[in-house]
Amino acid sequence: QVQLVESGGGLVQAGGSLRLSCAASGRTFSNYAMGWFRQAPGKEREFVAEITWSVSNTYYAGSVKGRFTISRDNAKNTVYLQMNSLKPEDTAVYYCAANSRRLLLNNNDYWGQGTQVTVSS
C-alpha cells in the first residue's frame, strides 16, 4: 500500500510558476531523502532536487538552482517543489522519489507515477 502520489502539474507560460506536491502513504519515511526527477521526451531521466530528512539539507541541479525550491513536511510525509521562472526546457514528466538517506539516480525505494509539466513559450 506504499504510494507516492504527485499533484500540481499542468500547463503554464514561460515565466510562470507551479507548485508540485508529493504525498506519501502506507508507511513513515523517517531517515528517507525525498525529491524530484524529471524526464523529457527523447531524454534520459535527470535529477532535479532533493531534501534530506533530519536537517532538511537541500540539493539542486544547476539548471534549476535559484528558480526551484524544495521543502518537506515530515509529519505529513509530503514533499513540495515550488517552481518559479519556468522555462520551456523545464517541460517534462516530474517524478517524486524516496530513498533511505540519500536519493539515487536509479533504484530508489519508492517512485511516484509522475505528473506532466508543460511550459509554453
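I started with Phe-47, which is partly exposed at a relative accessible area of 25%. For the wording: buried means under 20% relative accessible area, exposed means over 50%, and partly exposed is in between (1.4 Å probe, protein chains only).

Before going on, I noted that this is a predicted model, where local features need pLDDT of at least 70 and side-chain atom pairs count only at pLDDT 80 or more, while totals for chains, interfaces and linings use all residues. Residues are numbered from 1 along each chain as its sequence is written, and side-chain values use heavy atoms, with hydrogens and water left out.

Next I looked up the ring partner of Phe-47. Phe-37 and Phe-47 form an edge-to-face aromatic pair, 5.9 Å centre to centre with 75° between the planes. Rings of Phe, Tyr and Trp (its six-membered ring) pair if their centres lie within 6.5 Å; planes under 30 degrees apart are stacked, over 60 edge-to-face, and the rest tilted. Phe-37 sits in strand S4 and Phe-47 in strand S5 (residues 46-51), so this pair ties together parts ten residues apart in sequence. Strands here are DSSP runs (E, at least two residues), numbered from the N terminus. Phe-37 is buried, with a relative accessible area of 1%.

How many aromatic pairs does the structure hold? I found five. Another of them is Phe-29 with Tyr-110, edge-to-face at 5.5 Å centre to centre and 75° between the planes. That pair links distant parts of the chain, 81 residues apart: Phe-29 is in the loop between strand S3 (18-25) and strand S4 (32-39), and Tyr-110 is in strand S10 (residues 110-111). Phe-29 is buried at 1% relative accessible area, but Tyr-110 is partly exposed at 22%. Ring pairs also bring in Tyr-32, making a cluster of Phe-29, Tyr-32 and Tyr-110.

**Charges over rings**

I checked Arg-19 next: its charged end sits over the ring of Tyr-80, 4.1 Å from the centre. To count, NZ of Lys or CZ of Arg must be within 6 Å of the ring centre and within 35 degrees of the ring normal. Arg-102 lies over the face of Tyr-59, also 4.1 Å from the ring centre.

**A hairpin**

Strand S7 (residues 68-73) has a covered face of Phe-68, Ile-70 and Arg-72. Its uncovered face holds Thr-69, Ser-71 and Asp-73. S7 pairs with strand S8 (residues 78-83) in the antiparallel sense over six bridges; pairing takes at least two DSSP bridges. Arg-72 has Val-79 in S8 as its bridge partner. Four residues lie between the strands of this hairpin, and Asn-77 takes a positive phi near 50°.
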